[in-house]
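Please go through the structure shown here. The text takes up annotated positions and then the contact between chains.

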Protein chains: 2
Amino acid sequence: MKNVISDVEDRLRAGDSKLTARRELVLKVLLENSDKHLSAEEVYNLVKRRAPEMGLATVYRALELFQEFDIIHAIDFGDGRKRYEFGSGKGKIHHHHHLICTKCGGITEVNEDLLEDLENRVSRQHHFTITDHQLKIFGICRQCTGK
Amino acid sequence: MKNVISDVEDRLRAGDSKLTARRELVLKVLLENSDKHLSAEEVYNLVKRRAPEMGLATVYRALELFQEFDIIHAIDFGDGRKRYEFGSGKGKIHHHHHLICTKCGGITEVNEDLLEDLENRVSRQHHFTITDHQLKIFGICRQCTGK
DNA sequence: TTCCTTGCAAAGTGTTTGCATTTGT
DNA sequence: ACAAATGCAAACACTTTGCAAGGAA
């Protein structure tokens, strides 16, 4: 946990930016809720508990910065706002998928990458150099089944 | 072509709605550009050529109506606006995927459904009843390769 | 008439930007 | 002191909504 923060600090410094107190707070909130896919507003609300004077714009700017440094990336579950998640958006570093329950809105992560074969086929057939993919599966989750 | 329109007309009428002249125009524009994934604004601009007095709100309302009737559905390519495509969003009727070129922004459709095995596995492992999925593959398209 | 549709403008929602002030070094 | 970061409010982009006017049955 602490190491993640100092790792981010190093990466920012290497790019002539720094991990200010506000940015660290944003980062911590993201870390502590890394299972939740928070939106900017949600991050803002959590952050405000510890720094009530903090502005929403600062949260957006921190999120943008973290994205530039490939520390987080945005995902879109179709609810009209961006949500954030650790890991680079580019590259094949961190492939996982989301099961989205259309009843309760809950999101489950599937942490294996299940698409290698498929990617190889598509890549060959369409002469398309794949750098990333995004799979969202919609349906009814275990808890909501049978309700 | 004509049959698609009268089919839509029938479906709307069955649900106590009707295919007005404006709505038909929206539908036609969508049909004539079914390869393009138009946004609301793009539909609006095309529609205005034939009906200059038409308002943007009417386009949005027509698109919403068509979605309710599962005639079209919205997709999000992460550019901040919704784009529309024929076919139901629910159900396993019409599964295809999108190759999104990160260089030129071009979108290629992959019309086979390649995910059956994967769905079966996920469904079993997570007790998740799948109703739909969405796969976006990012990379460099054939034309942009080597530029 | 009655009900639905439409155009227009206003309101909403999520995000970004301009600018004066504050902070860190 | 200087550059970068921040809070605030205004601006933005896309979408939705309220309402009065228009049209079809």
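For "binding site", an unreviewed UniProt entry lists His95(A), Glu116(A) and His133(A); positions are in the numbering used here, feature names are shortened, and annotations may be inferred rather than shown by experiment. This is a predicted model, in which local features need pLDDT of at least 70, side-chain atom pairs count only at pLDDT 80 or more, and totals for chains, interfaces and linings use all residues. Residues are numbered from 1 along each chain as its sequence is written, chains are lettered from A and ligands numbered from 1 in the order in which they are written, and side-chain values use heavy atoms, with hydrogens and water left out.

His133(A) lies in strand β5 of chain A, residues 129–140; strands are DSSP runs of E, at least two residues, and helices runs of H or I, at least four, numbered from the N terminus. His133(A) counts as buried because its relative accessibility is 4%, where buried means under 20% (1.4 Å probe, protein chains only). Its side chain is joined to that of Glu119(A) by a polar contact of 2.3 Å. A polar contact is a pair of N or O atoms within 3.5 Å; within protein, one must be able to donate a hydrogen and the other to accept it, and residues adjacent in sequence count only if both atoms are side-chain atoms.

Turning to the interface, 32 residues of chain B are in contact with 32 residues of chain A, contact being heavy atoms within 4.5 Å. Ten residue pairs between chain B and chain A are in polar contact, both at pLDDT 80 or more. On the side of chain B that touches chain A, β5(B) gives the most, with twelve residues.

Notes. Buried < 20%, exposed > 50% of the residue type's maximum accessible area, 1.4 Å probe, protein only.
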